[in-house]
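This briefing covers one protein chain, taking the overall fold before single residues. The sequence and the structure come next.

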Amino acid sequence: MIMLFKTLVRPLLEYCCLVWSPTSKGEIAQLEQVQRNFTRRIAGCKGMTYWERLHHLKLQSLQRRRERYMIIQMWKAYKKLSPDIGIDFKESGSRQGPRAEWPSLNHKAQRSIASLLEGSFSVRGPTLWNTLPAEVKLSSTMETLKANLGQHLAGIPDWPPTTNYSIEHNNSLSEWAKRRGVQWS
């Protein structure tokens, strides 16, 4: 049943997510509701919370998967394996490795426009990139990147916001990094 979900449903929920990935807790919860409802029906998962089901089934939240795709796209841009996306990378001698700089926000722009830009890939991608340790960013191949990123993400709780569950933070890697004290530009 998990194979059916991964093959038929999840690709529809993740298609082109670098462009449309939601940022509000409500929108994230609506998307997570699809996976939450599906995992609830799997034998052996009765009585578990959504977060326990994700752990038991070795699944990531849809939000975590979208952020993972953003990080992979950032790595491709850093390695110049994709077209220029307007993000500058600066080499640093710190243990954090190369840093990404996003376009500056026009402070005179309307708040609604500024909020759209803050939720775009050109801002969220560098923010996520800058939270990563150097060993992930400096991976030499895509396979190495995915292995290093998987190992890094395994150490970060995956508790997505969902309807009817109270959680006081959003599940973004950048939020977890703030809690851990990781700094970015």
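Contact here means heavy atoms within 4.5 Å. By that rule, and leaving aside neighbours within four places in sequence, Arg65 is in contact with Arg10, Glu14 and Gln60. The model is predicted. The protein has ten helices and two strands, and buried residues make up 45% of its 185 residues.

**Overall fold**

- Along the sequence the elements follow the pattern α-α-α-α-α-β-β-α-α-α-α-α.
- Among the contacts with a separation of 6 or more, 65% are between residues 24 or more positions apart.
- The accessible surface of the protein comes to about 10,400 Å². Carbon and sulfur atoms account for 56% of that surface.

**Nonpolar cores**

- The largest nonpolar core has 20 residues, of which Ile71, Met74, Trp129, Leu132, Leu145, Leu149 and Leu173 touch the most other members.
- Helix 5, helix 7, helix 9 (142–154) and helix 10 (173–180) are the elements that give two or more residues to this core. Helix 5 gives the most, with six residues.
- Another core, of ten residues, lies apart from the largest one. Its members include Ile2, Phe5, Cys45 and Tyr50.
- Leu132, a member of the largest core, is in contact with Ile71, Gln96, Lys137, Leu149 and His152, when neighbours within four places in sequence are left aside.

**Aromatic pairs**

- The count of aromatic pairs comes to five. One of them joins Tyr78 and Trp129, with 5.5 Å from centre to centre and 45° between the planes, and is tilted.
- This pair links distant parts of the chain, with Tyr78 in helix 5 (residues 62–78) and Trp129 in helix 7 (residues 121–129), 51 residues apart.
- Tyr78 and Trp129 are both buried. Together with Phe89 they form one aromatic cluster.

**Helix 7**

- Nine of the nine residues of helix 7 are buried, so this helix is largely enclosed by the rest of the structure.
- The buried residues of helix 7 are Phe121, Ser122, Val123, Arg124, Gly125, Pro126, Thr127, Leu128 and Trp129.

**Arginines of helix 5**

- Arg64 is buried yet has no salt bridge. The nearest side chain of opposite charge is that of Asp158, at 4.1 Å, and a salt bridge calls for a side-chain nitrogen of Lys or Arg within 4 Å of a carboxyl oxygen of Asp or Glu.
- Leaving aside neighbours within four places in sequence, Arg64 is in contact with Leu153, Ile156, Pro157, Asp158, Asn171, Leu173 and Trp176.

**Leu31 in helix 3**

- Leu31 lies in helix 3 (residues 25–40) and is buried, with a relative accessible area of 16%.
- Not counting residues up to four places away in sequence, Leu31 touches Leu13, Trp20, Pro22, Leu62 and Arg66.
- Leu31 and Glu14 are 17 residues apart in sequence, and their C-alpha atoms are 9.8 Å apart in space.

- Cys16 is not a glycine, yet has a positive phi of about 60°. Cys16 is found in the loop between helix 1 (2–14) and helix 2 (17–20), and at 43% relative accessibility counts as partly exposed.
- Lys80 likewise has a positive phi of about 60° without being a glycine. Lys80 lies in the loop between helix 5 and strand 1 (88–90), and at 69% relative accessibility counts as exposed.

Note on methods. Residues are numbered from 1 along each chain as its sequence is written. This is a predicted model: local features need pLDDT of at least 70, side-chain atom pairs count only at pLDDT 80 or more; totals for chains, interfaces and linings use all residues. Side-chain values use heavy atoms; hydrogens and water are left out. Rings of Phe, Tyr and Trp (its six-membered ring) pair if their centres lie within 6.5 Å; planes under 30 degrees apart count as stacked, over 60 as edge-to-face and the rest as tilted. Helices (H or I, at least four residues) and strands (E, at least two) are DSSP runs, numbered from the N terminus. Buried means under 20% relative accessible area, exposed over 50%, partly exposed in between (1.4 Å probe, protein chains only). Accessible areas come from the Shrake-Rupley method with a 1.4 Å probe; for residues, only the protein chains shown count as cover. A nonpolar core is a set of buried Ala, Val, Leu, Ile, Met, Phe, Trp, Tyr and Cys residues joined through side-chain atoms within 4.5 Å. Lys and Arg count as positive and Asp and Glu as negative; His and the chain ends are not counted.
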